[in-house]
Amino acid sequence: MASDTDDQARTQATPRRGTETHRAIEAVWRIEAARLIAGLAGLVRDVGLAEELAQDALVAALEQWPESGVPRNPGAWLMTVSKRRAIDLIRRNERLERNLIELGHRLDTDEDLPEVDEIEDDLLRLVFTACHPALSVEARVALTLRVLGGLTTDEIARAFLVPESTVAQRIVRAKRTLADKKIPFEVPQATELSARLESVLEVIYLIFNEGYSATAGDDWMRPALCEDALRLGRVLAGLMPKEPEVHGLVALMEIQASRSAARVSPSGEPILLLDQNRARWDRLLIRRGLTALDQAEKLGDGTLGPYTLQAAIAACHARALNPEDTDWVRIASLYEALAKLSRSPIVELNRAVALSMAYGPAVGLQLLDQIADEPSLKDYHLLPSVRGDLLFKLGRREEARTEFERAADMTRNARERTLLRERATACHVQGSR
Amino acid sequence: MKFMIVGKANAETEAGALPSQEVVDNMHAYNEALTKAGVLLAAEGLYPSSQGAQIAYSGGKATVIDGPFAEAKELIAGFWLIQVKSREEAIEWAMRVPVPPGYDGIGLDVWRVFDASDVPDDSLPADERDREQALRDRLGVDTPNP
């Protein structure tokens, strides 16, 4: 692409006031930030510096565009401005220049903009750098949303319910850590790729779950994190189309997001999957999720990773028009595979539920009894709650009542406690007949 | 939030004329940019109105009118469904649609798409829900993939 900073700006039929231009600039930033920072980091090999250069260009846009109008190719405008600054900086700073030459990095000082393919490579480098394991998980999340999601510090702070200064500090420290530890701006070697990719996927899914756990009355930035995570996931799927788990994660998020309109009652209470009004599930997102899952399964060639397995489970629910159409046999076998990978007792608990739905409560109970002594489930109220449910279905009411009461004592959620006590009472009444 | 960018029809699209290779290439590049940015949910191009129909209502009676229709500017030629952060971002993406140079008049509409999560769940009364469910059952919407 040729450098295109032509003065011919877009015209507006309804004249825009200053704030409107600002909002247009914000939109441009959202679209361009990641590619801009990636391209600059490719040039200066330093994500912190690249981010600052990009910010400078944003400031220049905020100063100039309200007067001149938004340029026809705003991305190229921002890239040209910040690249000029980068080159000035390198010329003035011998140490930086030497570093770059030592890295064997070309220093093309002409006005050519990086080619599209180069930007794609730089974008992937940026993903792996922002999610580098040398950084704390909070730092990875903040930096990823900042440089890849184009969110402001204030937006990140509102989304995570922390003060803005906390987020700003996390980002400053993250950039310093990257510089101090001389973390190279690169895609990891094949030998460490899968471990490093795990960190990237973890960050994206963490962002998604933060948004998913938002409750009514929260700042709208919070649920919007789901869309931010989905967007990052889709971008990553484009950058690494051959990685099955990337598609697996995208599938999982698309299908989970498809239920967002059905999973909370008007009063803000969560609605269980089997009680949700499936007419409110987003069919388009389900379809997209199933397509991504298909891709993950094809690429996985028989062995499915943890995200793909979870997506496959979510897909079993998504495909069922009615709860009673759910393929519990398949879900149980997917949980079995997931349990082998994760060795998590909570996965085993879910597997026990699936087994009881597929083969009857006695089979589920058998597995529950095997994990009953797991230390990590000691305070987990769902264990006695599920156990009570299975015992109730088997007609062992007295034992069921004990379990429901135990669960009620353990849960911290008042509404859930009420429900569990009601179930305990129901055991008593029916059991005494 | 979701937005729909609607491409308006014109005399050429209505005539079913194949767009030039350049226009096709530009459109591919645009769609790819939307995909790579993670914002594209769906996009489709439409045949001329000669392959469609309109349904007019009068006095409780429906009448089918076969295409083509004369007022090209009231027709649409395609759409993109995107998921973005703001109305401004949707407009910014719309501004990047490669409309052929020299195009005159309204070329695109940008509409915000209704999202089920915009309204609380009680908006659908139980009997309405059952009816919708029965309809979906009958249509076999989203029958499981193999």
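These legends describe close-up views of a predicted model.

**Figure 1. Confidence of the predicted complex.** The predictor assigns the complex an ipTM of 0.82 and a pTM of 0.86. Chain A has a mean pLDDT of 88, with 90% of its residues at 70 or more. In residues 1-7 of chain A the pLDDT is below 50, and this stretch has 14 contacts in the model beyond near neighbours in sequence. Chain B averages a pLDDT of 84, and 81% of its residues score at least 70. Residues 138-146 of chain B stay under 50. For that stretch the model has seven contacts beyond four places in sequence. Where pLDDT is low, the predicted coordinates should not be read in detail.

**Figure 2. Helices H9 and H10 of chain A pack against each other.** H9(A) spans residues 190-212, and H10(A) spans residues 224-239. Their axes lie 6 Å apart, at an angle of about 155°. The two helices are therefore roughly antiparallel. H9(A) passes H10(A) in a left-handed crossing. On the H9(A) side, the contact is made by A:Ile204, A:Ile207, A:Phe208, A:Glu210, A:Gly211 and A:Tyr212. Facing them in H10(A) are A:Ala224, A:Leu225, A:Cys226, A:Asp228, A:Ala229, A:Leu232 and A:Gly233. Sorted by class, this contact holds nine nonpolar, two polar and two charged residues.

**Figure 3. Helix H9 of chain A also meets helix H11 of chain A.** H11(A) covers residues 244-258. The axes of H9(A) and H11(A) come within 11 Å and cross at roughly 5°. That angle makes H9(A) roughly parallel to H11(A). H9(A) contributes A:Leu197, A:Leu201, A:Ile204, A:Tyr205, A:Phe208 and A:Tyr212. H11(A) contributes A:Glu245, A:Leu249, A:Met253 and A:Gln256. Eight of the contact residues are nonpolar, one is polar and one is charged. A:Ile204, A:Phe208 and A:Tyr212 take part here and also in the contact with H10(A).

**Figure 4. Helices H16 and H17 of chain A cross in the left-handed sense.** H16(A) comprises residues 361-371, and H17(A) comprises residues 382-393. Their axes come within 9 Å and cross at roughly 145°. A:Pro361, A:Gly364, A:Leu365 and A:Leu368 represent H16(A) in the contact. They meet A:Val386, A:Arg387, A:Leu390 and A:Lys393 of H17(A). By class, the contact has five nonpolar, one polar and two charged residues.

**Figure 5. Four strands of chain B form an open, antiparallel sheet.** The strand order is E2-E5-E1-E6. E2 (40-45) and E6 (108-113) stand at the edges. Each has a single partner strand, so one side of each is left without a neighbour in the sheet. From one strand to the next, the twist averages 15°. E2(B) pairs with E5(B), residues 76-83, over five bridges in the antiparallel sense. B:Gly45 has B:Gly78 in E5(B) as its bridge partner. Helix H2(B), residues 21-36, packs on the sheet and touches E2 and E5. The direction of H2(B) makes about 160° with that of E2(B).

**Figure 6. A cis peptide bond in a loop of chain B.** The bond from B:Gly67 to B:Pro68 is cis, with omega near 0°. B:Pro68 sits in the loop between strand E4 (61-66) and E5 of chain B. Most peptide bonds are trans.

**Figure 7. A:Lys182 has a positive phi.** The value is near 50°, in a residue other than glycine. A:Lys182 lies in the loop between helix H8 (164-180) and H9 of chain A. Most residues other than glycine have a negative phi.

Key. Residues numbered from 1 in each chain as written. Chains lettered and ligands numbered in written order. Predicted model: local features only at pLDDT ≥ 70, side-chain atom pairs only at ≥ 80, totals over all residues. pLDDT = per-residue confidence, 0-100. Contact = placed C-beta atoms within 7 Å. Axes fitted to C-alpha atoms, helices over the stretch in contact; angles between N-to-C directions. Parallel < 35°, antiparallel > 145°, perpendicular 65-115°, else oblique. Left-handed = near helix turned anticlockwise from the far one by under 90°. Nonpolar A, V, L, I, M, F, W, Y, C, P; charged D, E, K, R; others polar. Pairing = 2+ DSSP bridges.
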